[in-house]
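Trainee: I'm new to this one. Can you walk me through it?
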Amino acid sequence: MQLMSKLLAGLAALMLAGPAAADGIERAAIVMPGSISDNGWNQAGFEGLTKAGEALGFEAAFSESVHQPEQIEVLSDYARRGYDLVIGHGGEFQDAVERVAARFPETMFMVNNGLGTKDNIANADFYFSQIAYLMGYVAGSMSDTGTIGIIAAQQFKFTTDTVAGYEAGAKAANPDVRVLVTWTGDWDDIAKGKEAALNQISQGADVVWPTMDSATLGSMQAVQEKGVYGIGIYRDAINEWPEILQSAILDVRGNMRSYLELAAAGKLEGALYRADMGNELAMRIGSFHPDIPVGVVDEVNKLIDAMKSGTLVVNPQ
Amino acid sequence: MIDLVLLGDVLAGTARLGTPIAFAALGGVIAERGGLYNIGLEGQILAGALGAAAGSFATGSAVIGLGCGIICGLISGLLLGYMSVRLRINQLVGGIALNLLLAGLTAFLSRQIFGAQAGGARVKGFSQIDIPFLSDLPVVGPSLFSQDPLFYLLIGLAIAAWFWLMKSHKGLDLRAVGENPKAADLAGVPVFRMQYLAIAVSGALAALAGVHLVLSQVYVFAEGMSAGKGFIALAAIILGRWSPIGAICAALFFGFCDAVQFKLQFTSPEIPYQLFLILPYLASLIALVVLGAKASAPASVGLPYDREHR
């Protein structure tokens, strides 16, 4: 598959005889850890680049299912062949990108959810605690018992920021609120996801926010059985689960589109591009549950405005 | 009184988390007693889960879903049997190959069957059954006697498997095949037929673990939803000393540790959660070390039987 994509990219390069944009990028490539049809992270990366390439007029190539030992080889190959922008899709590419970027100073590198920038290494991620604050505010406002829950798989920046933002938002809505945090240790174990939610509900939680991958399905099943509210993540989850109060939409495609537009205009720098509530393409809230009173909806919209204007700063940033 | 409620919660959680592991472990015991490693439990759980979801999705009947799940398990078991018994390939490699095959195949087929709905295609499942009188008991009533039908099926199958394996003539034949296939063959036991039977039943039991996940717990199929339960079941087999009852007790013990760790996260938030997550593994490690001195694995497990070989 990797070879195939290389051949295709090479063929496309041969056919592209005409001159392209002078200062922006002509060719960009993305290197991904998994399959482009995983209905998740990798598919988002693939579509994010190819669709932006069509719209903005640069040529896009990809390599899928590239594992740790092959990262350097694949990344250098694109750089050697003159790609202007090479994207490592995921924090696990950080080390490989740093090594390759040192050898190809003319090439721009990007690490999605990266962990450090240099002159020719850019990073892109999300202001997780900001959107989690809004979810916490909704949950805190809608809880009758004064207890809400959040379930996460493993502790790292994404989850700890999300938990911190959720707690801060809930306390802003109701200073006496009790926030239960459960760590399941597994992104996909549905049975554990359900058990964690059942435990929170039996402790009195009446709003539960599961933030795992497949395991979220188990938690939402418990939410539905026990007749409490849930919070969604990544997409507008109320379309799948009517118990969802509000969703934190983290749009990888949108986030990539934002920095690729900069790249196409020749303005991409070795900096951190963090999507916040001001970048609706990448990060936004979903639909409000009909049970949520108008007053709370207004408050949330005010909070979003305050975040955009910078008067409300959520930590950790 | 609070403690009694807590205890009831933990018992109910034990039953929910332990049941899938117990089904898979029971399947593993049957196969290993017949001299075959079933490393493919993990994949067979997925096969059973997909079969159950597809059957129930297509017909709207949980019972037909159960049947489809079992059939998928039987087929995957026979496939492993063909590799292990007929082709005599390394049983560990064969099992891992089956896991990889079924992980990919179930993901592919689920997209074909459920399409874009994938995670959201709700299917009809079993509801819990309250056993008269017993379900009214305090603490244990709501947790153990108002479970889904598959939990009762597990208890029934465990007793039946124990009786068949330990008390029946056929069970003795199977155990003989696992200990010394040559001697069993000389005594007129149809070794290959017994092994095919054992591995097919093993696959069906592992599939029941997947059926339980789909039809009793979450009512949807999700890629990779087995989440390592097939591998934990392998540990339960050893901890249970290759006995059907022992393996199920070990599986429920793993479920108990998991259920307890969710409670401990609330009562002791100052302790790092990772400590609670390793609790089941730590407990099984200690148990294995304490009990490990007396090895009681079937003598010929994992060794392909070749009639021509002296």
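Trainee: What do pTM and ipTM say about the model?
Mentor: First, this is a predicted model. The model scores ipTM 0.83 and pTM 0.82.

Trainee: And what is the mean pLDDT of chain A?
Mentor: For chain A the mean is 89, and 92% of its residues reach 70 or more. Residues 10–22 of chain A fall below 50, though. That stretch has six contacts in the model beyond near neighbours in sequence. Where pLDDT is low, the predicted coordinates should not be read in detail.

Trainee: What about chain B's pLDDT?
Mentor: Chain B averages 88, with 96% of residues scoring at least 70.

Trainee: Switching to chain B. How far apart are the ends of helix H2?
Mentor: H2 of chain B covers residues 41–59, and its end C-alpha atoms are 27 Å apart. At 1.5 Å a residue, its 19 residues should span 27 Å, so the two agree.

Trainee: How many of H2(B)'s residues are buried?
Mentor: 17 of the 19, so H2(B) is largely enclosed by the rest of the structure. Just after H2(B), B:Gly60 takes a positive phi of about 75°.

Trainee: At what angle do H6 and H7 of chain B cross?
Mentor: Roughly 75°, and their axes come within 5 Å. H6(B) and H7(B) are therefore roughly perpendicular to each other.

Trainee: Which residues make that contact?
Mentor: From H6(B), B:Trp164, B:Leu165, B:Met166 and B:Lys167. From H7(B), B:Lys170, B:Gly171, B:Leu174 and B:Arg175. The contact residues divide into four nonpolar, one polar and three charged.

Trainee: Let's take single residues. Is B:Ala236 buried or exposed?
Mentor: B:Ala236 is buried, because 29 other C-beta atoms lie within 10 Å. B:Ala236 lies in helix H10 (residues 229–239) of chain B.

Trainee: What does B:Ala236 touch?
Mentor: Leaving out residues up to four places away in sequence, B:Ala236 touches B:Ile21, B:Ala25, B:Ala247, B:Ala250, B:Ala251 and B:Phe254.

Trainee: And where is A:Ile304?
Mentor: In helix H10 (residues 294–309) of chain A. A:Ile304 is partly exposed, with 19 other C-beta atoms within 10 Å. Not counting residues up to four places away in sequence, A:Ile304 touches A:Leu134 and A:Met277.

Trainee: Now the backbone. Which residues does the cis peptide bond join?
Mentor: A:Asn315 and A:Pro316, with omega about -5°. A:Pro316 lies in the segment after H10 of chain A. Most residues other than glycine have a negative phi, and most peptide bonds are trans.

Trainee: What is the phi of A:Ser65?
Mentor: Near 50°, a positive value in a residue other than glycine. A:Ser65 is in the loop between strand E2 (59–63) and helix H3 (71–80) of chain A.

Trainee: And the phi of B:Trp242?
Mentor: Positive too, near 60°. B:Trp242 lies in the loop between H10 and helix H11 (244–267) of chain B. With 21 C-beta neighbours inside 10 Å, B:Trp242 counts as buried.

How values were computed. Residues numbered from 1 in each chain as written. Chains lettered and ligands numbered in written order. Predicted model: local features only at pLDDT ≥ 70, side-chain atom pairs only at ≥ 80, totals over all residues. Helix = DSSP H or I, 4+ residues; strand = E, 2+ residues; numbered from the N terminus. Expected span 1.5 Å × (residues − 1). Buried ≥ 20, exposed ≤ 12 C-beta atoms within 10 Å, placed from the backbone. pLDDT = per-residue confidence, 0-100. Contact = placed C-beta atoms within 7 Å. Axes fitted to C-alpha atoms, helices over the stretch in contact; angles between N-to-C directions. Parallel < 35°, antiparallel > 145°, perpendicular 65-115°, else oblique. Nonpolar A, V, L, I, M, F, W, Y, C, P; charged D, E, K, R; others polar.
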